[in-house]
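Visitor: Could you walk me through a structure, step by step? I am new to this.

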Amino acid sequence: AEVCRWTSVLIIIHIRCAYKTVSFSFDISNAFQSTFRHKAVEPGHPPPTRMFCYQAPGFAEHGPNGEKLCCELLMLMQGAIDASRLFGTAFGHTLLKRAGARRALWDREVWEYHVGPLSATAETLENILAACSSMPPTTGAPPGWAVFSKHTDDGLGTANAQSTVDYLMNAIGLDWAVKASGWTKHLGYGLGLSSCGCFCSIDCIPVIEALYQRHLGAHNTFKPKHPYPMNISELKPGVRPPIDSPERAPFDEMQAKCQNGLATSIWISRAHTQHVYSTNFLCGMMSNPSYEVYKCWQHSLMHLRASPCPLILGSGRKVSLSISADPPRPFSGVRHREMGLHIFVDADLGTPKARAADASIVVPPIASGRDPMVATADAKSVSGIRMYLGGVEFVNSSLRQHLTSPDPHTSEVGAAGTAITMALPLDGLLRELHIFSDSPMTIYCDSQSTIFASRSAAAVKRSVWIERRSVVLREFVELRA
């Protein structure tokens, strides 16, 4: 599908809160009704591949000899599997030719419009906005700057002035039926921009309430203090009863409910980050959840409803999002906050999940030197990654490592490599949007062995997997990204 990254949407919101800009969103109401398959989507290119299908029962037509006829799909609204791609190509032509926008390299569904004296330079965003505001109006494309993301037929963006927004909407309106509005809702999330324009909240509280009523009912008033039970690491997958068992149907119904709830929780956890860890951990058993897994998820949902804690973006004032030349150390008592992109990363070496049948038998931990094969099989680790921009957290990830880790060092190296892989597209998009930094991006990691491996090509000699992960760290340090 032609969709933007969720992190790109968050970066655009950050820009709106940090710089003196205006916000806008739009929806293309005739996206698929006005895109035809039998016509060329782009001038000079052949039309898409023709597609045929049989009509549904009751609508089929027959030839003179009684043969069943097939119909040709002419419009994208008729269910073509490539509808989103074809509309995205046609809409991209409108943005390129009509509006004069350009596509970002780090996210192909992020578009930038820039007309002004600094349009062909590598100036900072502050200077670009100042230059656009001092330019007199013109009869053609107005001097201005704007950036917006596109998710199929929905868009969200920010611009230097309302005149720039009006020009973009008029240019799009020449080819499509576009409806422009402010920031109230996007992709199902509610957006609340403060009166000062320095804060923006993102939540999906109505969805949480509907999910709560569906799985727990209106009579449940329990409000847990913790986001998940303390025994979450001891949960096991479900055991399906035999096909002739009377417990089979209730078990299958429970699994369907749990899977539906976890799928919705993945979407919810983007805006309510306290729901991230429990959702990711329980999704490891999503294919075969047990009653205990479902109860644990219900506990997490009850806490989420009682304490929703929406995602808040913005530093509270208009600031630059560039990385400081001398970023302050965290937890050092310095009152200055780093407004540029920086990351905290950590890893947790998994503990044995197996429990002996006899409670009197103690299962020795990994560090006790028990059978390495058993210890390695139990050592499933979790990577914890938090990204900050504008002085606040905007990405919270809790990712299960798919490879076993024989020691904490392996887990830490894997987590740091994952954090760098996630951060580079964000840093690249910020630079494309003229938010430059003279200093490299800072990654805070409490593992000295990981830092040592990132600076030494000869530090890792034991495993090809560790070598591959360490190469990512060394390349990041050498490039001073």
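Visitor: Is L105 buried or exposed?
Guide: In this predicted model, local features need pLDDT of at least 70 and side-chain atom pairs count only at pLDDT 80 or more, while totals for chains, interfaces and linings use all residues. Residues are numbered from 1 along each chain as its sequence is written, and side-chain values use heavy atoms, leaving out hydrogens and water. Buried means under 20% relative accessible area, exposed over 50%, and partly exposed in between (1.4 Å probe, protein chains only). Since L105 has 77% relative accessibility, L105 counts as exposed.

Visitor: How many salt bridges are there?
Guide: A salt bridge is a side-chain nitrogen of Lys or Arg within 4 Å of a carboxyl oxygen of Asp or Glu. By this rule, the count is 13.

Visitor: Which residue meets R102 in a salt bridge?
Guide: Helices (H or I, at least four residues) and strands (E, at least two) are DSSP runs, numbered from the N terminus. The partner lies in helix 10 (residues 408-432) and R102 in strand 4, so the pair ties together parts 330 residues apart in sequence. With 3.3 Å from N to O, the partner is E432.

Visitor: And which residue forms a salt bridge with R386?
Guide: R386 is partly exposed, with a relative accessible area of 38%. The closest N and O atoms are 3.2 Å apart, and the partner is E393.
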